[in-house]
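Colleague: Please put the model on screen. I have some questions about individual residues and the surface.

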Amino acid sequence: MVETWERSQRPDALARRGRLGVVLLFGNNGFTYANVVPWLPTIKNELELSNTALGAAVAAMPLGALVLGMLAGPLINRFGSGRTAVGAGLIIAWVLPVVALAPNWPVLAAALFTIGYLDAWTDSAMNAHGLRVQRRYRRTIINTFHAVWSISGVAGGLVGATMAGLGVPMFAHMLAAAVLLTALALIAVRLLLPGDEHSERSAPTISAGPAQPSVRLSWRTTGALVALGTLLMLAAAMEDAAASWGAVYMREELAATAFLAGLPFVAASAMMTLGRLTGDRLTDRFGAVNVTRTGSLLAALGLGMALALPTPATTIIGFGLVGFGIATLFPLALAAAGELPGISSGNGVTIVGWLARAGFLCVPPLIGFISDSSSLRVGLLLIPLAGLVAALLSSSLRPRSAAPSPASPQQPGG
């Protein structure tokens, strides 16, 4: 379990190579779709789409993740987390030129639907492989992987914005991005850990190997998956708040300038990256439960303060505190799901990751509905409430031990 890992143990060469490979996986995944985002206005104009049509096309991504994302578990069990992550990532890379060439809405929506479920497979697989590497390191490193993802997402957005601003043809940009992503993926696959998917886990904690992906879950494990999935749904709601509503709240409720309106998202993203860069050491020092509980309360306090004292400055600070507070929720909840006894890492990560994507899809419309009925300020009260509930659920991150079997004594999980 994380709390007892010692930093004095030096990881072996295989672990260090594997860590670099996982860094490349997370970097690739964060960079991929971010290249498309700055081109969305161009796509809208070229295909003569309404705002509703563009929104529906973009919504095809989380829809694809929800419809087919659960297949990640069986794929990981069959092919291994490393090969699944690399394979799905390679296909996504070559869907990018299809987005650029889409002649109409159905093709665009189909391409984004494909990116959505392939991204879900990549996400589950790279996190599962990251957990394999973390077990070899015997200290927390999962937060750093997610920090790499955040930084790569910013880099991809900047590259996309630069290419669009310079007038580079979108297809040329996407083709170049696909070639780069392919090269990095082929490097990553040579660095990833070999061997059985569960070779780093103690045998009694797993009831199914790669060739037997179906498991009969205990009520204890099922309850833990539900709690972790709910925690990730709350984390998704809080993370999405800055992106979906920060600028709108600043403009409509506080009459802020266009420049200031974009700062809540910038503050949340920057502070989330900082939180993930520092999260590994904090987790090893204080434990996952304490870190996530404190972070969730900080997020609730931050946005609660911003809503109670509605000014541009307090709002920017409040969203920044949300970003910092929830920075470790995603990595640590996924890690906890991957360590549950009685279920493979791939299946555990896939199940809770699927629930998180449901949060991304469902919570923004709920906030919008409440806002239309009252005000956006009232709708955003859901975010501090989500932080308080997440703090209560943080105990679900506590490492669990496998139930003792008649043939073997109980052994510590994680």
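Colleague: Is Thr182 buried or exposed?

Modeller: This is a predicted model, in which local features need pLDDT of at least 70, side-chain atom pairs count only at pLDDT 80 or more, and totals for chains, interfaces and linings use all residues. Residues are numbered from 1 along each chain as its sequence is written, and side-chain values use heavy atoms, with hydrogens and water left out. Buried means under 20% relative accessible area, exposed over 50% and partly exposed in between, with a 1.4 Å probe and protein chains only. Thr182 has 17% relative accessibility, so the class is buried.

Colleague: Which residues does Thr182 touch, beyond those up to four places away in sequence?

Modeller: Thr182 is found in helix 8, residues 170-189; helices are DSSP runs of H or I, at least four residues, numbered from the N terminus. Contact means heavy atoms within 4.5 Å. Leaving out residues up to four places away in sequence, Thr182 touches Leu90, Ala93 and Trp94.

Colleague: How many Å apart in space are Leu14 and Pro194, C-alpha to C-alpha?

Modeller: Leu14 is found in helix 1, residues 13-34, and is partly exposed at 31% relative accessibility. Not counting residues up to four places away in sequence, Leu14 touches Arg136, Leu193 and Pro194. Leu14 and Pro194 are 180 residues apart in sequence, but their C-alpha to C-alpha distance is 9.0 Å.

Colleague: What relative accessible area does Phe171 have?

Modeller: Phe171 is found in helix 8. Phe171 counts as partly exposed, because its relative accessible area is 33%.

Key:
Helices (H or I, at least four residues) and strands (E, at least two) are DSSP runs, numbered from the N terminus.
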